[in-house]
Amino acid sequence: MSNKKSYYAFEEPLGTTIEFQATSLQQAMVIKKKKAHEMGIPKEAFELTSIRKKPTQSA
């Protein structure tokens, strides 16, 4: 099994998006919970929108 990290992107209904690197979907869910808590948004509001090998380019 490979330990390569993927970029996980989550979005909530109001358009707030979070994207970060994690080694597994399980780790991504833990990070999502922490980031959502820091933002004051319930973790359930965020939906997984993508998993990719490279970060999204924000021009």
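Phe20 is buried, at a relative accessible area of 7% (buried means under 20%, with a 1.4 Å probe and protein chains only). This is a predicted model, where local features need pLDDT of at least 70 and side-chain atom pairs count only at pLDDT 80 or more, while totals for chains, interfaces and linings use all residues. Residues are numbered from 1 along each chain as its sequence is written, and side-chain values use heavy atoms, leaving out hydrogens and water.

Now for the rings. Phe, Tyr and Trp rings (the six-membered one for Trp) pair if their centres lie within 6.5 Å, and planes under 30 degrees apart count as stacked. That rule gives one aromatic pair. Phe10 and Phe20 have ring centres 5.8 Å apart and planes at 15°, so they are stacked. Phe10 sits in β1 and Phe20 in β2, 10 residues apart. Phe10 is buried too, at 0% relative accessibility.

Strands here are DSSP E runs of at least two residues, numbered from the N terminus, and two of them pair if DSSP finds at least two bridges between them. Here is how β1 pairs up:

Five of the six residues of β1 are buried, so the strand is largely enclosed by the rest of the structure.

Both Phe10 and Phe20 belong to the largest nonpolar core, which has nine residues (buried Ala, Val, Leu, Ile, Met, Phe, Trp, Tyr and Cys joined through side-chain atoms within 4.5 Å). β2 gives the most to this core, with three residues.

Notes: Rings of Phe, Tyr and Trp (its six-membered ring) pair if their centres lie within 6.5 Å; planes under 30 degrees apart count as stacked, over 60 as edge-to-face and the rest as tilted. Helices (H or I, at least four residues) and strands (E, at least two) are DSSP runs, numbered from the N terminus. Buried means under 20% relative accessible area, exposed over 50%, partly exposed in between (1.4 Å probe, protein chains only).
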